[in-house]
Amino acid sequence: MRRFLGFVKKEFQHIFRDVRTLVILFGLPVVMIILFGYVVTNELKDVRIGIWDRSRDQVTRNAVNKILSSGYFVLAGTLDHEKEIESLFRSGKAKVVVIFEQDFEKSLVDEKRASIRLVTDASDANSAQLALNYLQGVLAGFFRSVNPDVELPWEVDIRSRMFYNEEMKGVHMFVPGLMALIMMLISALMTSVTITREKEFGNMELLLASPLKPREIILGKVTPYVLLSLINAGTIIFMAYVVFEVPVVGRLWILMLECLLYITLALSLGVLISTATKTQQIAMVFSMVGLMLPTILLSGFIFPIDNMPGILQWLSTIMPARWFIVIVKNVMLKGTGFAFIWKETLILLGMTLFFIMAAMRRFNIRLESK
Amino acid sequence: MIAVRDLVKKFGSFVANDRLSFQVHKGEIFGFLGANGAGKTTTIRILCGLSYPTSGEIEVAGHDVYTEREKIKRKIGYMSQKFSLYEDLTVSENIRLYAGIYGLNRKYIARRESQLLEQLGLQHIKNQLIREIPLGWKQKLAFSVAVFHRPSIVFLDEPTGGVDPITRRQFWEMIHEATREGITVFVTTHYMDEAEYCHRVCILVEGRIKALDHPASLKEQYNSKNMNEVFIKLARER
Amino acid sequence: MRILYTLLVKEFKQIFRNRFILPVIFIIPVVQMILLTYAASLEMKNIKMAVVDQDHSVASRLLISRFSGSPYFNITLQASNDKEALRLLHRDRVDVILHMKDDFEKKLYSEGSTDLQLVINAINATEAGLVKAYCTRIIHGFNSQVRSDWFGQGTRGSVASLEIIPAFWYNPEFDYKIYMFCGILVILVTIIGMLLTALNLVREKEMGTTEQINVTPIRKIQFVIAKLLPFWIIALFELGFGLILGRILYDLPIVGSLWLLFLFASVYLFVVLGIGLFLSTISGTQQQLMFMSFFFAITFILMSGVFTPTESMPGWAQQINIINPVAYFMRVIRMVLLKGSGFRDISHDFYSMLAYASVILTLAVANYRKTT
């Protein structure tokens, strides 16, 4: 036992001496939360628009004012000519151009109809759609206020409730995914790298020749990362709560237990990878590209799984992160109990056992072949 | 060729080289001996321009180590403990690489290369990757590459590590050959028997020079049959 | 000059003898580009809806038919009370609940206005926003239909209507894939450039051969160029490869000048490789370097506008983006490929990159020490 603890202590020292990696390991979740919380949102603001007012009457001027004071839009320039639209778009100076037809007010009063053209730079399809929606909303509202005598009758009023996230904060979506990603990164990547490093520098043989049993070596290598991962998970939850008011609606202990399960899974995966890689380089590249990237893309972290074509949906089922995200969403954001997540938990458990057994078998084989 | 006066190198508060003073004459084989950790590699790195001295006056090949490092590098060769040939390049590619770096022209390189390969008996493996050839050949090749451009001085840092005695003997023959062509050799080692092959020997103990003379004189002075005994007696002196 | 050539020969030989490099350059990009583009769609399809219709009137049924007829929605449940619907929402079996009370149509006739309720699962705020927007669009359509079909006759005279005509340039089919593909190409080229360069350098440091190089009269700048140039070429090749793939797989439009794109990419790569080089001069081990590059790469990529427009980011983020080279390339590639922007349109970005490259390369070379 004392041997083992001595070994674990050495591992800890190793990690803490590498200040640069440590800084990044702890700093990464913080930075990621800030990024996802503040930066990666799909709300529009300060959309640059160009205005071509071919009428220049009272109504259009008021309409323009309404648009510019809505807070969503910023005036990029006024146009006098159709050709200017192209250059505005090409140079990126504006994303939308609003065109009021000639004699706007007159048409509205006399003929009871007038038209506004909204030309959008749709190379960014989603932003274009959103910008359009906003504009239509502003214009509709303006139009209503201008024609009070015409109460658009038979109005359908929409009352909407946003469940689990009343204020529609973007962060909620990302917290589970972030946790999955970071824990996978620390546990799988770091473990595979550190074990491979010993192999590469020849220390592994030394260790194997020592009185430490192989499983003690593995456990010893892995223990510091369990701690680090848990701390990181906690940091993420804490920061999300404090900075962004993401609630922890469910029971914290269930959440932590599931985290532990996931960490174990990632660790065993890391060990498994290390049994197959000879150099650190390979371990790192494989972990990054073969693990991280698919996790980010296919786990439902950013992109909804339902939208993906069949094969990818199938692939996503073998991503542990996918199931973990479902668990965290349910426990943390919806507050459901164990009854709802037993299926996913079982899947994770199964994967963990599989990885552990595979790793152990491979490790023993390598020993014998020595 | 090399003139060192009061060289000091400190790493923090640890003094690796403590006021070393010595000179190396043209054409001689100068042995820098000492136990592991005595400070030999530190000195050689400073002389090659790989490391800054903390203080002291040092001149190599007629140039000052503080101000004219790049000029020095043109006139020296170096072979490190790891033999530093590129493992993933072939024998021929390594030769051509280093020769090219020293600015030799292509025809000259081609001619010398085939000469060298013949001398070493390595023509049959000239297109093999370094990582596939045996250690002894690697070592000889590394040396040849280090002197390929006919430098004035060649620095060898523990060049015979891990190699069998016969190969070591052959290696030292190569060193003698180089001296015959006028190259000064500065070699560090912890194998005391190799000291016999040097013209003069400098023994370093814990960062300080404990002895500096011809091997024969040292053996007489310390009443020893071989350099090993000399070293043990020196090391015991406190 | 010949020294440079000698060094380059060595670098290329080493790169291509590395068994890894070739799959990394070819297979991984292909896989990524295929996967990502299909996965990375923020479009909404098959939004699962539960309808709670307590009215069962002509009006309510009309509205429901509009939803069921829309390709975006998939009505999976019609119930008479909301308990079942809420349960499904809780279990993620539906994304939105449409609830109409029993006086839906009555109020329309008697009071002239009525209401309905939408309950949306907003954990993914972006999705929720889009769901709401789509629902709103359909409901407004229903609204106009009701107004004109049923009551239009008598009131057409006094109701003025405003026609809003949208036009979508450069992407009339609203193909989100192409936009994402550009982003992915940028990410790929960046990562390959930065990572491979940095790894290469530190690997040599760890192997000890850098020492042998430092002893020779090679000048720092020759060494640095020899380390950068091969990967610069490889990354540019990657770009070309990616463009061809995009053309074949997704019919990627190439509206603008490819020369311009490659010109900009060349300068951009000097910046990115320079950053990788600089990072390697401050890392001791491959692991440290990997982590640092990963950190910077991920941060820069997320902030570059690949998923969300940079203009929507908070002020401080946009400030940071001034030193984020990825943001520049992201912008330029979309402008040139999709809109056909010319040199004048990207000149500001181009000159910024030029300045950035000079600074970072100077820093990297200065920081590289032959003597320690």
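Q: Which residue of β8(B) does B:Ile153 stand opposite?
A: This is a predicted model, and in it β7(B) and β8(B) pair in the parallel sense over five bridges. B:Ile153 belongs to β7(B), and the residue of β8(B) that stands opposite B:Ile153 is B:Thr184.

Q: Which residue of β7(B) is the bridge partner of B:Gly77?
A: Strand β6(B) also pairs with β7(B), in the parallel sense and over four bridges. Within β7(B), the bridge partner of B:Gly77 is B:Val154.

Q: Which residues of β7(B) point the other way from B:Ile153, B:Phe155 and B:Asp157?
A: In a regular strand the side chains alternate between the two faces of the sheet. In β7(B), B:Ile153, B:Phe155 and B:Asp157 point one way, and the residues that point the other way are B:Val154 and B:Leu156.

Q: Why is β7(B) described as largely enclosed by the rest of the structure?
A: A residue counts as buried if 20 or more other C-beta atoms lie within 10 Å of its own. The residues that point one way from β7(B) and those that point the other way are all buried. Strand β7(B) is therefore largely enclosed by the rest of the structure, the number of its five residues that are buried being five.

Q: Which helix makes a right-handed β-α-β unit with β7(B) and β8(B)?
A: The two strands of this unit, β7(B) and β8(B), pair in the parallel sense. The unit they make with a helix is right-handed, and that helix, formed by residues 165–180 of chain B, is α6.

Q: Which strands of chain B stand at the edges of the sheet, each with a single partner strand?
A: The open sheet of chain B has six strands in the order β6-β7-β8-β3-β9-β10, and its pairing is mixed. A strand with a single partner has one side left without a neighbour in the sheet, and this is so for the two edge strands, β6 (76–79) and β10 (208–213) of chain B.

Q: Which residue in β9(B) does B:Phe32 stand opposite?
A: Strand β3 (residues 29–34) of chain B pairs with strand β9 (residues 200–205) of chain B in the parallel sense, and five bridges join them. Across this pairing, the residue in β9(B) that stands opposite B:Phe32 is B:Cys202.

Q: What angle does the direction of helix α1 of chain B make with that of β7(B)?
A: Helix α1 (residues 40–48) of chain B packs on the sheet and touches β3, β6, β7, β8 and β9 of chain B. Its direction is compared with that of β7(B), and the angle is about 150°.

Q: Which chains share the most contacts?
A: No contact joins chain A and chain B, whose closest C-alpha atoms lie 14 Å apart. Two pairs of chains are in contact, and the pair that shares the most contacts is chains A and C.

Q: Which element gives the largest share of the side of chain C that touches chain A?
A: This contact takes 91 residues from chain C and 84 residues from chain A. The residues on the side of chain C divide into 51 nonpolar, 26 polar and 14 charged. The largest share of that side, 14 residues, comes from α6(C).

Q: What is the radius of gyration of chain A?
A: Chain A has 14 helices and five strands, and its C-alpha atoms fill a box of roughly 95 × 45 × 40 Å along the principal axes. For 370 residues the globule rule gives 21 Å, and chain A is well over this, so it is more spread out than a compact globule, with a radius of gyration of 29 Å.

Key:
Residues are numbered from 1 along each chain as its sequence is written. Chains are lettered from A and ligands numbered from 1 in the order in which they are written. This is a predicted model: local features need pLDDT of at least 70, side-chain atom pairs count only at pLDDT 80 or more; totals for chains, interfaces and linings use all residues. Two residues are in contact if their C-beta atoms, placed from the backbone, lie within 7 Å. Two strands pair if DSSP finds at least two bridges between them. Axes are lines fitted to C-alpha atoms, for helices over the stretch in contact, and angles run from 0 to 180 degrees between N-to-C directions. The radius of gyration is taken over C-alpha atoms; the globule rule is 2.2 Å times the number of residues to the power 0.38. A residue is buried if 20 or more other C-beta atoms lie within 10 Å of its own, exposed if 12 or fewer, and partly exposed in between; C-beta atoms are placed from the backbone. A crossover is right-handed if, with the strands pointing away from the viewer, the path from the first strand over the helix to the second runs clockwise. Ala, Val, Leu, Ile, Met, Phe, Trp, Tyr, Cys and Pro count as nonpolar, Asp, Glu, Lys and Arg as charged, and the others, Gly among them, as polar.
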